[in-house]
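Me: Hi, could you walk me through this structure? I'd like to start with the surface and then move on to the contact between the chains.

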Amino acid sequence: MATNPMHQFEVYRIGPEIKLGEVDLSFTNASLFMVISLITILLIFNLGSKKNSLIPNKIQLLAELSYGFVSKMISDTAGSKAKPYFSFIFSLFMFVLFLNMFGMVPYSFTVTSHIIVTFVLATFIFVGVTIIGFIKHGAGYLKLFVPSGVPIVLLPLIVLIEIISYLSRPISLSVRLFANMMAGHTMMKVFGGFVISLGIVGGWLPLSFSVALTGLEILVAFLQAYVFAILTCIYLNDALNLHH
Amino acid sequence: MSTELVAHVVVGTIIGFILDKTFDSKPWLILIFFFLGVISGIANVFRSAKSMQK
């Protein structure tokens, strides 16, 4: 087994090479883990909603709890106007959560530890929210960049600052998820390497650290999926209820 | 929150870089937009700290 802590983030091809012109569309381990988490989500919610018994079994309870959790999160942060977007935020939260959680299984691959995956997700959210804002408010959506009660002299400066802070949303959203996942997994691998190199005498300390870090990483995996979803709700709230 | 601060600076610098390339005004716009990014990052951290206290 390679002791290089960055080895776990390597993307490699599974199966034959598929090329569409210049674009490489081969099936990689990243796509494999996306498919696995997608199938798991579909299975859980299919089985959970099959027979709606009054006393739920375990899978039904899981499905109902996650539904209620996301539904409450949306109504708390974005209000009742955001109800039509429930399905989008719910699938987003579930997808990121399962990708993070499957990354915690030993020898697996964490898809969200690649900046391109999180950046594409964040860009879709950013573009979608901007389009929703312009559809709902028309050109009045540009008022988002002009806070009320600012003297005329400072207005150009404030507008520039607001535009920068609006454009930095997808970057901060994607970098947060990516950096947390990658840093955590690298740290776990580094401590795992310490166990081997210190041997049976001094290896117990990094081993116990590694166990504690695993618990922390599971917390981070859940928390980052939650933060990703709740920030989407906040951006949606800005687009739907325009008040400054 | 720390990533937010960095993201604002990065976005400001990228905007300055692109504007510099289009207007051919090499060092000036990137400098101005770098500091605008710093200001907006600090302002945003300030804002979220304020909303957290409520």
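Reply: Happy to! Accessible areas come from the Shrake-Rupley method with a 1.4 Å probe, and for residues only the protein chains shown count as cover. On that basis chain A exposes about 13,800 Å², with 75% of it supplied by carbon and sulfur atoms. This is a predicted model: local features need pLDDT of at least 70, side-chain atom pairs count only at pLDDT 80 or more, and totals for chains, interfaces and linings use all residues. Residues are numbered from 1 along each chain as its sequence is written, chains are lettered from A and ligands numbered from 1 in the order in which they are written, and side-chain values use heavy atoms, leaving out hydrogens and water.

Me: How many residues does the contact take from chain A and from chain B?

Reply: It takes 12 residues from chain A and 15 residues from chain B, where contact means heavy atoms within 4.5 Å.

Me: And which residues supply 42% of the area that chain A buries against chain B?

Reply: Those are Ile161(A), Ile164(A) and Arg176(A). Buried area here is the accessible area (1.4 Å probe) that two parts lose on being put together, summed over both. Between chain A and chain B that is about 1,200 Å², and carbon and sulfur atoms give 77% of it.

Me: What does Arg176(A) form a salt bridge with?

Reply: Its partner is Glu4(B), with the closest N and O atoms 3.2 Å apart. The rule wants a side-chain nitrogen of Lys or Arg within 4 Å of a carboxyl oxygen of Asp or Glu. The count between the two chains is 2 salt bridges.
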